[in-house]
Amino acid sequence: MNSENLLSIKNLKTHFTVGESVVKAVDGVSFNLEAGKTFAIVGESGSGKSITALSIMGLLPNNLAQTERGEILFDNKNLIDLEENEMRKIRGNRISMIFQEPMTSLNPVYDLSFQISETIILHQKKSKEQARKIAIEMLDLVGIPEPQKRIDSYPHELSGGMRQRAMIAMALSCNPKILIADEPTTALDVTIQAQIIDLMQELQKKLGMSIIFITHDLGVVSEISDHVMVMYLGNVMEIAETSELFNNPLHSYTKSLIDIAPQISDEKREIKVLRGEIPSPTNPPSGCVFRTRCPNPGIGCKGGDIEMGLIEAKPGHWVDRCCYECNQT
Amino acid sequence: MIRVENIKKYFPIKDGFFNNKSGDVKAVENVSFEIPEGEILGLVGESGSGKSTLGRAIIRLIEPTEGNIFYKNKNITKLSDSEMRKLRKDFQIIFQDPYASLDPRKKIYDIISQGIKVHEKMDKNSINQKVEEIIQDVGLQKEHLNRYPHEFSGGQRQRIGIARALVLNPKFIIADEPVSALDVTIQAQILNLILELKKKYSLTILFISHDLSVINQIADRVMVMYLGHIVEVANTSNLFSNPQHPYTKSLIETAPQIFRKNKKKTLLKGDIPSPINPPSGCVFRTRCPNPGIDCKGGNIEMGLIEVEPGHWVDQCCANCN
């Protein structure tokens, strides 16, 4: 293990029991997050991106979800084994999270002052007045104009972009080591999305935190991240440095995603299509989970005989074994 | 096929005990354009720019406040409800959210066949035949007709929405953000389907989207809308290779791209202003990266001028450049 790794996830499995069947939402995910870097998780809806994030945060209900095996190593501790009161000291303090829809993730009946101060008072043992002062500084930091006035606003008085800025202010108020951003720009207009991405990059430079950035948009990935993990149906398909992944994708799912991604070009291009839909996670295909949609599956994949697992094809570039072997032959 | 002249849509704001009118939401301001037969015209803009209102106003789903709409050279602005109803089957809409636009208590067969029952006098057998044909055209099977909307995935529901729109053999389709709620792989499937069906049914389409890269893939010509105004119109390749308006330029530069040619990004400051009280003169001037002296003062009226054949841009910016 690399000493620079801030967070190290090994063979994480989060399964839900629904009636008699088991939904394998996350089925064996491993990756490392380096200090000060941005790690993107990309995939379609239902691929397990958000569940991975929620598992790290310990935010899933215990009675439904079993984070079965695996390790989430942070600060020499396995977060899976921590008691709830210990986890509470980390959550929002050392690792915090922002969500997709700022309107539903801010509390509509409290003003920003209360909501941002709450974390500061809880984790940093500050008085109300001090916390309010820090909250104003945070609003200023995230580029909200007139923070002294805005601190007393309620969420409905802010635009979508401003709300997302307020969310970021709240998440960063305890100076966390890791910020998990779950589709933070998906609900925003393009011009506002560009502002928020710009802001997050600036804040990362200033504060030095690591970011786990979850998105379905490969364009956003290429703008913001250092490393990318591609997920499909709860499994990792490929992990690589961002430019390596885009210039030299090894997995056929990654290749299809790159082919399909709408690109602005001067000439009209043919629209490429990946057939079919993501299968149900209650009954995933045996062997390689992508084989039902693979444009050119090998003989071994078709039969579903090849077990999934990552292989390091090149230093730092990991790809699922099945596709790697297909490409070799 | 469709010609729109100086269309305006204001929504009155009513306030107080007597519901006095206290102002207007100026959703669409003096918009004129044409869609020739067989064209896909892209309409792009941020939320609140008036895209959907414009789309609905031109088929009179909401009544425009001012202006004229011509369909096949016939002015349809003042047609009575009953006359309009006869024309309705020529116009159809595909909506954004396939979860909200299908009645959860109806079977797919009933959802698709309802239009035929209202508009055409057909016997049961020919209705069945028509519905079965259309469901296969959109890539689903006959067996799906007996199911309910909740049994389908988002992409399949959007296919059903398209089938419902096409069953009356419409001439003109408004596709209002039809792929925004879908995953990228499904998005590509639906875009492809729309292009295929456009050929098969010889459709004319107004394609509304906030996503420039989607517009780039599908549209023949593009209109860029900002705060109720059209700020630039050009054919697709012209608009993307040679954008004139700073708003268009910024939209193109900031659209996230995997392989970006041009690393320059001009970020727009702030949010789109309220349409209740838009800036005077050029509505974009409050966010313009480099406004001229006249624009800043708000003295220049808005209006399109032609900078090269078929490429129109707002005169304020045309003069600035």
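**Conventions.** This is a predicted model, in which local features need pLDDT of at least 70, side-chain atom pairs count only at pLDDT 80 or more, and totals for chains, interfaces and linings use all residues. Residues are numbered from 1 along each chain as its sequence is written, and chains are lettered from A and ligands numbered from 1 in the order in which they are written. Helices (H or I, at least four residues) and strands (E, at least two) are DSSP runs, numbered from the N terminus.

**Entry 1: strand β3 of chain B.** I checked burial first. A residue is buried if 20 or more other C-beta atoms lie within 10 Å of its own, exposed if 12 or fewer, and partly exposed in between, with C-beta atoms placed from the backbone. Five of the five residues of β3(B), residues 40-44, are buried, so the strand is largely enclosed by the rest of the structure. B:Ile40, B:Gly42 and B:Val44 point one way. B:Leu41 and B:Leu43 point the other way. In a regular strand the side chains alternate between the two faces of the sheet.

Next I looked up the partners. Two strands pair if DSSP finds at least two bridges between them. β3(B) runs parallel to β8(B), residues 204-209, and five bridges join them. There B:Val44 has B:Ser209 as its bridge partner. β3(B) also pairs in the parallel sense with β9(B), residues 221-226, over four bridges. In that pair B:Gly42 stands opposite B:Val222.

**Entry 2: the core.** Which residues touch the most other members of the largest nonpolar core? I found A:Ile180, A:Ile212 and B:Phe207, in a core of 189 residues. Such a core is a set of buried Ala, Val, Leu, Ile, Met, Phe, Trp, Tyr and Cys residues joined through C-beta atoms within 7 Å. I then followed B:Phe207. Leaving out residues up to four places away in sequence, B:Phe207 touches, among others, B:Ile40, B:Leu41, B:Gly42 and B:Leu43. B:Ala175 and B:Ile215 are also among its contacts. Contact here requires C-beta atoms, placed from the backbone, within 7 Å.

**Entry 3: the sheet in chain A.** I traced an open sheet of eight strands with mixed pairing, in the order β7-β8-β9-β3-β10-β11-β13-β12. β7(A), residues 95-98, and β12(A), residues 310-314, stand at the edges with a single partner strand each, so one side of each is left without a neighbour in the sheet. Neighbouring strands are turned by 20 degrees against each other on average, direction ignored. Axes are lines fitted to C-alpha atoms, for helices over the stretch in contact, and angles run from 0 to 180 degrees between N-to-C directions. β8(A), residues 178-182, and β9(A), residues 210-215, pair in the parallel sense over five bridges. A:Ile178 stands opposite A:Ser210 there. α7(A) lies across β7 and β8 of chain A, at about 170 degrees to β7(A).

**Entry 4: helices.** The axes of α4(A), residues 112-124, and α7(A), residues 160-172, come within 8 Å and cross at roughly 25 degrees. The two helices are therefore roughly parallel to each other. The cut-offs are under 35 degrees for roughly parallel, over 145 for roughly antiparallel and 65 to 115 for roughly perpendicular, with the rest oblique. A:Leu112, A:Gln115, A:Ile116 and A:Thr119 meet A:Ala166, A:Ala169 and A:Met170. Ala, Val, Leu, Ile, Met, Phe, Trp, Tyr, Cys and Pro count as nonpolar, Asp, Glu, Lys and Arg as charged, and the others, Gly among them, as polar.

In α1(A), residues 49-57, nine of nine residues are buried. A:Lys49 is one of them. A:Gly58 follows α1(A) with a positive phi near 65 degrees.

**Entry 5: chain contact.** The contact takes 37 residues from chain B and 35 residues from chain A. On the side of chain B, α6(B) supplies the largest share, eight residues. That side divides into 16 nonpolar, 16 polar and five charged residues.

Entry 6: Is A:Asp75 buried or exposed? A:Asp75 counts as exposed, with 11 C-beta neighbours inside 10 Å. A:Asp75 sits in the loop between β5 and β6 of chain A, and its phi is near 60 degrees. B:Asn6 has a positive phi of about 45 degrees although it is not a glycine. B:Asn6 is found in β1(B), residues 2-15, and counts as exposed with 12 C-beta neighbours inside 10 Å.

Note on methods. Two residues are in contact if their C-beta atoms, placed from the backbone, lie within 7 Å.
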